[in-house]
Amino acid sequence: MPIATGEEAKEPVPAGPVPRGMLARILDSDILHSFLRSKVTIASAIVTLVFFIGAAFAPWIAPHNPFDLASISILDARVPPIGMDYHDPRFLLGTDDQGRDVFSGILYGARISLAVGFLSVLFAGVVGVLLGLIAGYVGGKVDAIIMRIAEVQLTFPAILIALLVDGVARALFGNLDRERFAFWILVFSIALSFWVQFARTVRGSTLVERNKEYVQAARLIGIPPFLIMVRHVLPNVIGPVLVIATINLGLAIITEATLSFLGVGIPPTQPSLGTLVRIGNDFLFSGEWWIAMFPGCALAVLVLAVNLLGDWLRDALNPKLR
Amino acid sequence: MLAFTIRRLVQAILVMLVVALISFTLFRFVGDPVNQMVGVETTPEQREALRERLGLNDPMLTQFGRFIINAAQFDFGTSYQFRQPVAELIGRRLPATLELSIVSAIFALFVGIPMGVYTGLHRDSILSKLFLSISLIGISLPTFFIGILLIFLFSVTLQWLPSFGRGDVVQLGWWSTGLLTWGGIKALILPAITLGLFQMTLIMRLVRSEMLEVIRTDYIKFARARGLRQRSVNFRHALKNTLVPVITITGLQLGSIIAFAIITETVFQWPGMGLLFLQSVQNVDIPIMAAYLMLIAFLFVTINLIVDLLYFQVDPRLRAERATH
């Protein structure tokens, strides 16, 4: 089942055992049936999977290596895509101003976009789930402090937080070092604005679970609080987390692309999809539309597919969630 | 009511204090302010004198207090890159951003509400499905790519509208407006649509789901039973009851429109605050970053506060709910 493996990879399971038989349960439940019933969902799962495979195996699939300076030639610069006049059969979607193959660039770019998206959602998920568990389970002052921080943070849009983090990183590391760490700074800054939603949801479900009998029983036989949280409460609150993770994956990819487009994300030496659009944007007026349009469309299709999957997963797992 | 107002006010002030603390930390500890202000050939004695004059040797709490008092008077110091007062720089850019944000909010409302009403009333028509598909695509397309697509279509290919800048601007006192000239309006169209599209889809979906709920209620059935005309039922009775959440959401979104203007302003090289902020991030111009952060936080907190208080006034159920807590 291709989609099951895709979903498993996306799931931000924090340090704790996955409840046994989860995969079997997913395969056996209504979810599979509702998946097979919806053509749109199957289509978006296929599209997402194609992107994953294309990104993961980019070095083997891509016809050219856009980062290998020895293999690119400035003589191939600005070649139009196949089907237009003066095209070159070697370059399916044309080349950019430095003679890099646009199609290969998209494959390598999707690799970085997806990596940033996954890692930032994973990071945000782990931090958010842990803080949510603690806030919900411990309660009192700890809860109040964590939730106040979350509220202040909700005041600001993700883009703004990420821009601020980037500005601070520039001041602390200087521009050269920042480029080296750009990937991790980006992951951190996106995760920083996404953990709140995880924390709030998990806190809500933990508050409910906390008073159930199995938790009381666990407490009674003397299991330490942290183990109760991770072993017993966590498996019961993880469902909505999966949905939020999928929806946030789309948002994270958009945020990464936007930051890279604004010139504060991934540097042009290892371009992500957003950086590719930024590069191509300069050539829009001179007629070389393919340099910006193809990466942009790839990005849009990827995000649309992920969003459709997220929508479907939300309805399938829990119709009451929001 | 009074207790609720005071509690919300205290919360708002607390949030502002936290944001001020972040801004202050940025300003004071990220990079040395003195190093940014003086040249390379300044002697250590002169540096120390400047440090003393700026009050950077005072206790931290005194400095923070002074920062807040200055901020309350719109004094955010001098920009490192422009060597001009930050308040002046932001003030000059403010009209451009506000005009863009308000026009796009109006666009979002005036297109989003009718589309929402239509899709709510005619659930299964082809046009509704088309609107919904468009809205899904609108949510999935990143803002900057929508801008680029619009530029490619209307500026590069059709050459109907300009792709950057504000066009012709008229000065009204300190306020510069592009709304009074044809060129200014033409320059505003594409950025406003780009910025408003996401909010438009949001409003459309909201109105749609509210309409679906409202038309099932008894008073709508009763209005129909009284033999009122369809148009009157739809717009006088149904739509009116959906507008409270719509206005709330739009109000809350106004803050994020202004923040998201950063992206639109970059795509269209629109000379507003967002572009200024982005340049300040790229050039590590901390005073502008700190000031912008405070300004946006202030806008958000104020809008949130007003919306909360209005909600409390408008919706009696909220009051009852609070009472039972």
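In the predicted model, helix 7 of chain B meets helix 10 of chain B through Thr143(B), Phe144(B), Gly147(B) and Ile148(B). Their partners in helix 10 of chain B are Phe260(B), Ile263(B), Thr264(B) and Val267(B). By class, this contact divides into 5 nonpolar and 3 polar residues, with no charged ones. Helix 7 of chain B spans residues 143–157. The axes of helix 7 and helix 10 of chain B lie 9 Å apart, at an angle of about 30°. Angles under 35 degrees count as roughly parallel, so helix 7 of chain B is roughly parallel to helix 10 of chain B. The crossing of helix 7 of chain B with helix 10 of chain B is right-handed.

Helix 10 of chain B, residues 230–267, also packs against helix 11 of chain B, residues 273–282. Here the angle is about 90° and the axes are 7 Å apart. Helix 10 and helix 11 of chain B are therefore roughly perpendicular to each other. Ala261(B), Ile262(B), Glu265(B) and Thr266(B) form the helix 10 side of this contact. Gly274(B), Leu275(B), Phe277(B) and Leu278(B) form the helix 11 side. The contact of helix 10 with helix 11 of chain B comprises 5 nonpolar, 2 polar and 1 charged residues.

Chain B as a whole has 13 helices and 2 strands. Its C-alpha atoms fill a box of roughly 85 × 60 × 35 Å along the principal axes. Chain B has 325 residues, of which 36% count as buried. Among contacts in chain B between residues at least 6 apart in sequence, 71% join residues at least 24 apart.

Chain A and chain B are also in contact. The contact involves 32 residues of chain A and 34 residues of chain B. On the side of chain A that touches chain B, the elements giving two or more residues are helix 8 (158–210), helix 10 (225–262), helix 11 (273–281) and helix 12 (290–317) of chain A. Helix 8 of chain A gives the largest share, 10 residues. By class, the side of chain A that touches chain B has 23 nonpolar, 7 polar and 2 charged residues.

Confidence values accompany the prediction. The pLDDT of chain B averages 81. In chain B, 94% of the residues score at least 70. Where pLDDT is low, the predicted coordinates should not be read in detail. For the complex, the predictor gives an ipTM of 0.80 and a pTM of 0.81.

Note on methods. Residues numbered from 1 in each chain as written. Chains lettered and ligands numbered in written order. Predicted model: local features only at pLDDT ≥ 70, side-chain atom pairs only at ≥ 80, totals over all residues. Contact = placed C-beta atoms within 7 Å. Helix = DSSP H or I, 4+ residues; strand = E, 2+ residues; numbered from the N terminus. Nonpolar A, V, L, I, M, F, W, Y, C, P; charged D, E, K, R; others polar. Axes fitted to C-alpha atoms, helices over the stretch in contact; angles between N-to-C directions. Parallel < 35°, antiparallel > 145°, perpendicular 65-115°, else oblique. Buried ≥ 20, exposed ≤ 12 C-beta atoms within 10 Å, placed from the backbone. pLDDT = per-residue confidence, 0-100. Left-handed = near helix turned anticlockwise from the far one by under 90°.
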